[in-house]
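Subject: the structure you asked for

Hi,

Here is the structure, ready for you to open. Have a look at it first, and then read on for what turned up.

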Amino acid sequence: LPFLFENSQHAYAVIDSKKISGYLAEKAEERGFHLLGFWDNGMRDLTNSKHPIETPKDVAGLKIRTPDDTMTISIFNELGANPTPMAFGELYLALRTGAVDGQENPVVNIKSSKLDEVQPNLAVTGHKYEANPFVISTARWSRLTPEQRSILQEAADEARASQREEMSVQTKRIYEEFELKLAVTHPDKEAFRTLTAPVYDSWSAKFPEFFATITSTADELRPEYTQGDEAK
């Protein structure tokens, strides 16, 4: 959901909560997976080759590459962009040739794929958060002894903490680098939230129970993550 989380720390608090992790763990079990935790895939920001983005009006009309993902496409439709689904492997060339004007990804992906070489403008929108579920097959989990399960879960918890910390360190370093080489803007998110509100309406109808739970949990915890440096 667009702008559901203030930042990654807010996202961690929500998805690690028993309400959310428990619900998703049950869904995972139905698909044959035992959930060990969630790793961080980052807050997604927006880049483009046309102009800096300060308001939603600056997004309107831009041809933005998105994954073939209904949620992301819906977000950019509401912002007045022209979302263009495309495989990630095709993105660098499409940006370099001007086949698309921009794209959205966590900055770690932007940096590792050298998209900053062909995208002079970065808007720190944090419009969407993604986590990577860390799982083991339910069949394999069921064959483990209680002691083995405990050891594995402890290791998974340590790995999750380490991965999130490394993501935080890399993200901060890349932002600092991009501030020196790109035109970086920090748009006020409220106008973006208002324009993308219809996305909430459509998805609440599809998954009413989970939608109500995750949005209420996010709102309950939000005040803790809207103050000081953590909200930047």
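How many bridges join β1 to β4, and do the two strands run parallel or antiparallel? Four bridges join them, and the strands run antiparallel. Before going further, please keep in mind that this is a predicted model.

**The sheet**

That pair belongs to an open sheet of six strands, in the order β3-β2-β4-β1-β5-β6, with mixed pairing. The edges are taken by β3 (82–85) and β6 (183–185); each has a single partner strand, so one side of each has no neighbour in the sheet. On average, neighbouring strands are turned by 40 degrees against each other, ignoring direction.

R65 stands opposite T84 in β3, and in β4 the bridge partner of R65 is Q103. Strand β2 (residues 63–66) runs parallel to β3, with four bridges between them. β2 and β4 are also parallel, joined by two bridges. Moving on to the antiparallel pair of β1 and β4, you can find D45 opposite N105 of β4.

Helix α1 lies across β1 and β5, and runs at about 30 degrees to β5. Helix α7 (residues 146–181) packs on the sheet too, where α7 touches β1, β5 and β6. The direction of α7 makes about 5 degrees with that of β1.

Then there is α3. Which residues of α3 are buried? They are M71, T72, I73, I75 and F76. These buried residues pack against β1, β2, β3, β4 and β5, and against α9 as well. Just after α3 comes G80, with a positive phi of about 85 degrees.

**Helix against helix**

Two packed helices are described by the angle between their axes and the distance between the axes. For α3 (residues 70–78) and α9 (residues 197–206), the angle is about 150 degrees and the axes are 9 Å apart. Anything over 145 degrees counts as roughly antiparallel, which is therefore how α3 sits relative to α9. On the α3 side, the contact uses T70, M71, S74, I75 and E78; on the α9 side, P198, V199, W203 and K206. By class, the residues of this contact are five nonpolar, two polar and two charged. An α-helix has 3.6 residues a turn, so residues three or four places apart point the same way. You can check that against the α3 list, which includes T70, S74 and E78 along with M71 and I75.

Helix α9 also meets α10. Their axes come within 5 Å and cross at roughly 130 degrees, which makes α9 oblique to α10. Here Y200, W203, S204, A205 and K206 of α9 touch P208, F211 and T215 of α10. The classes in this contact are five nonpolar, two polar and one charged.

In soluble globular proteins, nonpolar side chains tend to be buried together. In this model the largest nonpolar core has 31 residues, and V59 and F76 touch the most other members. Elements that each supply at least two residues of this core are α1 (8–15), β1 (33–48), α3, β5 (121–137), α9 and α10 (208–221). If you click on V59 and leave out residues up to four places away in sequence, V59 touches L46, I53, F76, L79, G80, A81 and F192. There is also a second, separate core of 17 residues, with V100, L115, L122 and V124 among them.

What is the phi of F3, which is not a glycine? F3 has a positive phi of about 60 degrees. F3 is found in the segment before α1, and counts as buried because its relative accessibility is 3%. K114 is another residue other than glycine with a positive phi, near 60 degrees. You will find K114 in the loop between α5 (107–112) and β5, where K114 is partly exposed with a relative accessible area of 48%.

Cheers

Terms used. Residues are numbered from 1 along each chain as its sequence is written. This is a predicted model: local features need pLDDT of at least 70, side-chain atom pairs count only at pLDDT 80 or more; totals for chains, interfaces and linings use all residues. Side-chain values use heavy atoms; hydrogens and water are left out. Axes are lines fitted to C-alpha atoms, for helices over the stretch in contact, and angles run from 0 to 180 degrees between N-to-C directions. Angles under 35 degrees count as roughly parallel, over 145 as roughly antiparallel, 65 to 115 as roughly perpendicular and the rest as oblique. Contact means heavy atoms within 4.5 Å. Ala, Val, Leu, Ile, Met, Phe, Trp, Tyr, Cys and Pro count as nonpolar, Asp, Glu, Lys and Arg as charged, and the others, Gly among them, as polar. A nonpolar core is a set of buried Ala, Val, Leu, Ile, Met, Phe, Trp, Tyr and Cys residues joined through side-chain atoms within 4.5 Å. Buried means under 20% relative accessible area, exposed over 50%, partly exposed in between (1.4 Å probe, protein chains only). Two strands pair if DSSP finds at least two bridges between them.
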